[in-house]
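Please look over the sequence and the structure below before reading on. The report that follows takes up a few features one after another.

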Amino acid sequence: MNTDMKVYNLLFLMLFAFFYQVNAQEKYFTSVNNKLIKNLQVKVTGQKISNPYITLGSSEKIEIDFDGLGYGYTGYTYSIVHCNGDWTKSQLTPVEYLDGFQGLYIEDFANSIGTTSLYSNYRLFLPNKDVQFKVSGNYAVQVYKETDPSNIIFTACFSIVEPQISIAASIDGNTDIDTHQNHQQVNFNINTRNLSIAYPQTDLKIFVYQNNRRDNFVTNLQPLNIQANDISYYHNRNLIFPAGNEYRRMEFLSNKYNGMHVEHISYHRPYYNVELMTDQKRSNATYEYDQDQDGRFFSRCSRCSDPDTEGDYCIVHFALESNELPEGDIYLNGEFLNNELNEMSKMSYNPQAKRYEKSLLLKQGSYNYQYLFVPSGSSIGETAPIEGNYYQTENEYSIYVYYCPMGARYDRLIGVTSVKNEMPIN
């Protein structure tokens, strides 16, 4: 083999290894890749407000609910991927984490009734008669059309926990950055019960989320103290979060009258258009309590019995009055956008009206949202420029604890808890 051929083969192997590594490190998120898929929700069946996790071996079920624009049944199929704590693919093969099959059809569907927008509502419940889970951890359901399995239409993520520990958590406005001003400190203690964890510093992987956001989560935490069965994570500077503000709320339940925060409703074929009241900056205002749902949304409609099939779709117009902010972009944020900071949630600036604008096709219901500023080159949204940071803000923090001792091939999810702060309101 000549020198040129050796160099070529070496470069090819290096390039192959690079792309293999990149692909291996792909992270899974609840996300939609097709404009015809709307209103994706991942929740615990029967619970109005829930985080997407269930207990291994219990009677609980995860419900994946979505709409497909158009009319009639489409052959959507799904496969399930087991993930590590950081949502990269684990080393397990499907036969190790599933009792069942891949590539099954989503058969539970119903056509819309009496709506101006035609769509079909689909539901998938897991586990079911065809699929049961063998191990705990994170799971990603990938949905695609039966004729094109390489084209993932959307991904829905959830977790399965095998409770082996207890977690006691609290939130404090007194932090090492400031005292009762702009930040919140998360503190928690893990009791390992009867589970022997030899090296908590390395065997435990902990992820802490604020309002289920994926952009500003915290991990790689080290305990402050280890004593018998108690492992404490107190006064950890990495667990100090910008406090943010209460989510803004809006709802439109009917085409016949304005709902909460709605300025005007009009019809322009083929959709009703919902003009929201223009939002203002809250960064220099005083804190005002509002009973939000920490970023969640709910499908609802007036005088209907089933919003899944009777709720109509409207184009909703958001507007934020502001000078254009340099060196960054403004994004809409909330679970109705899967908490993603992408082109779907990025707002455009209108220099004539001096405001940021965004129009989205949304289903009738009640929505929480906020505006995040993302500096150029960053992937983390900041609440300070638009919403402000107030230590009294009622946030929900979720703590996921995974166990992966040396030699283990996957991250066991051994404990989950969520805690809301109860700050004094002056």
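## An enclosed space

In this predicted model, one cavity of 30 Å³ or more is counted, and the volume of the largest cavity comes to about 40 Å³. In general, rolling a probe the size of a water molecule over the atoms shows where empty space is left.

The residues that line the largest cavity are Q210, N211, R213, P242, A243, G244, N245, Y247, Q370, T383 and N395. Sorted by class, this lining consists of seven polar, three nonpolar and one charged residues.

## Confidence in the model

The protein chain has a mean pLDDT of 93, and 93% of its residues reach 70 or more. Over residues 5-23, however, pLDDT stays under 50, and for this stretch the model has two contacts beyond four places in sequence. Where pLDDT is low, the predicted coordinates should not be read in detail.

A disulfide is a covalent bond between the sulfur atoms of two cysteines. The count for this model is one disulfide, which joins C301 to C304 with a distance of 1.8 Å from S to S. The torsion about the S-S bond of C301 and C304 is about 95 degrees, and the disulfide is therefore right-handed. Of these two cysteines, C301 counts as buried because its relative accessibility is 13%, under the 20% cut-off, whereas C304, with a relative accessible area of 23%, is partly exposed.

C83, by contrast, is in no disulfide, and the nearest cysteine sulfur, which belongs to C157, is 6.3 Å away. With a relative accessibility of 0%, C83 counts as buried.

## A buried phenylalanine

F154 lies in strand β12, which covers residues 154-161. Is F154 buried or exposed? Its relative accessible area is 0%, so F154 is buried.

Leaving aside neighbours within four places in sequence, F154 is in contact with S31, V32, N33, I37, L40, I64, F66, V141, Q142 and V143. One of these contacts, F66, is 88 residues apart from F154 along the chain, while the C-alpha atoms of F154 and F66 are separated by 10.0 Å.

Note on methods: Residues are numbered from 1 along each chain as its sequence is written. This is a predicted model: local features need pLDDT of at least 70, side-chain atom pairs count only at pLDDT 80 or more; totals for chains, interfaces and linings use all residues. Side-chain values use heavy atoms; hydrogens and water are left out. pLDDT is the predictor's confidence in each residue, from 0 to 100. Contact means heavy atoms within 4.5 Å. A disulfide is a pair of cysteine sulfur atoms within 2.5 Å. Buried means under 20% relative accessible area, exposed over 50%, partly exposed in between (1.4 Å probe, protein chains only). Helices (H or I, at least four residues) and strands (E, at least two) are DSSP runs, numbered from the N terminus. On a 1 Å grid over the protein atoms alone, a cavity is a set of points where a 1.4 Å probe fits but cannot get out, and a pocket is an open set with protein on both sides within 12 Å along at least five of seven lines; lining residues have an atom within 4 Å of a point. Grid points are joined across faces, edges and corners, and a volume is the space filled by probe spheres set on the points. Ala, Val, Leu, Ile, Met, Phe, Trp, Tyr, Cys and Pro count as nonpolar, Asp, Glu, Lys and Arg as charged, and the others, Gly among them, as polar.
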